Amino acid sequence: MREFRSSLGDALGEIETGTLTGARTIVVGRAWWEAQSSTEQKAAQMRCADAGVQLSVDERLSRHLVEVRGDEPPLSSELRT
């Protein structure tokens with residue numbers, strides 16, 4: 001399973017409500033991630049942990065998309081937060 005959403009909040013909202021099932025990892029664009037404050041980053045990491053998904057960043061992913069993935073392996077450019 002590999003799907004895209006327009007924001008981290010949208011992806012997490014669907015996972016938390018059970019609309020999107022089978023998600024194991026959410027990948028955000030590195031430029032977008034680095035533009036977030038440390039408080040926002042920690043809140044996102046905690047929310048992902050509570051939802052049971054790993055949060056990763058990828059420098060090749062657009063800041064306008066969020067990738068939601070099941071059990072597929074990570075890309076070589078992907079880093080865990």
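Which residues are linked with R2 in a network of salt bridges? Select R2, E67, R69 and E78, and the network is in view. Keep in mind during the tour that this is a predicted model.

**Stop 1: the sheet**

Switch to a cartoon view and pick out the strands. Five of them form an open sheet, in the order β1-β4-β2-β3-β5, and their pairing is mixed. β1 (2-5) and β5 stand at the edges with a single partner strand each, so one side of each has no neighbour in the sheet. From one strand to the next, the twist averages 30°. Strands of a sheet pair through backbone hydrogen bonds, either parallel or antiparallel.

To find a place where the two can be viewed side by side, select S56 and R80: S56 stands opposite R80, which belongs to β5.

**Stop 2: the helix across the sheet**

Select α1 next. This helix lies across β1, β2, β3 and β4. Relative to β2, α1 runs at about 170°.

**Stop 3: the nonpolar core**

Show side chains and select L8, I15, I26, V28, C48, V53 and L55. These have the most contacts inside the largest nonpolar core, which has 16 residues. At least two residues of this core come from each of α1, β2, α3 (38-51), β3 and β4. α1 gives the most, with four residues. In soluble globular proteins, nonpolar side chains tend to be buried together.

What is I15 in contact with, leaving aside its neighbours within four places in sequence? Select L20, A23, I26, A51, V53 and V68 to display the answer.

**Stop 4: V68**

Is V68 buried or exposed? V68 counts as buried, because its relative accessibility is 0% and the cut-off for buried is under 20%. Beyond four places in sequence, V68 touches M1, R2, E3, R5, A11, I15, L20, A23 and T25. R5 is one of these contacts; the C-alpha atoms of V68 and R5 are separated by 7.5 Å, although the two residues are 63 apart along the chain.

**Stop 5: salt bridges**

The model has nine salt bridges in total.

Start with R5, already on screen. R5 forms a salt bridge with E14, and the closest N and O atoms of the pair are 2.9 Å apart. R5 is buried, at a relative accessible area of 17%, whereas E14 is partly exposed, at 23%.

Next, select D71 and R24. Their side chains meet in a salt bridge at 3.2 Å, N to O. D71 lies in the loop between β4 (66-69) and β5 (78-80), and R24 in the loop between α1 (8-17) and β2 (25-29), so the pair ties together parts that are 47 residues apart in sequence. D71 is exposed, with a relative accessible area of 65%; R24 counts as partly exposed, at 46% relative accessibility.

Then select E59 and R30. In this salt bridge the closest N and O atoms are 3.8 Å apart. Which parts of the chain does the pair tie together? E59 lies in the loop between β3 (54-58) and β4, while R30 lies in helix α2 (residues 30-35), so the parts joined are 29 residues apart in sequence. E59 is exposed, with a relative accessible area of 58%, and R30 counts as partly exposed, at 30% relative accessibility.

**Stop 6: S77**

S77 counts as buried, at 15% relative accessibility. Which residues does S77 touch, not counting those up to four places away in sequence? They are V57, D58, E59 and R60. Display polar contacts between side chains to see what S77 does with two of them. The side chain of S77 makes a polar contact with the side chain of D58, at 2.8 Å. With the side chain of R60, the side chain of S77 makes a polar contact at 3.0 Å. E59, from the salt bridge with R30, is also among the residues that S77 touches.

Notes: Residues are numbered from 1 along each chain as its sequence is written. This is a predicted model: local features need pLDDT of at least 70, side-chain atom pairs count only at pLDDT 80 or more; totals for chains, interfaces and linings use all residues. Side-chain values use heavy atoms; hydrogens and water are left out. A salt bridge is a side-chain nitrogen of Lys or Arg within 4 Å of a carboxyl oxygen of Asp or Glu. Buried means under 20% relative accessible area, exposed over 50%, partly exposed in between (1.4 Å probe, protein chains only). Contact means heavy atoms within 4.5 Å. Two strands pair if DSSP finds at least two bridges between them. Axes are lines fitted to C-alpha atoms, for helices over the stretch in contact, and angles run from 0 to 180 degrees between N-to-C directions. A polar contact is a pair of N or O atoms within 3.5 Å; within protein, one must be able to donate a hydrogen and the other to accept it, and residues adjacent in sequence count only if both atoms are side-chain atoms. A nonpolar core is a set of buried Ala, Val, Leu, Ile, Met, Phe, Trp, Tyr and Cys residues joined through side-chain atoms within 4.5 Å.
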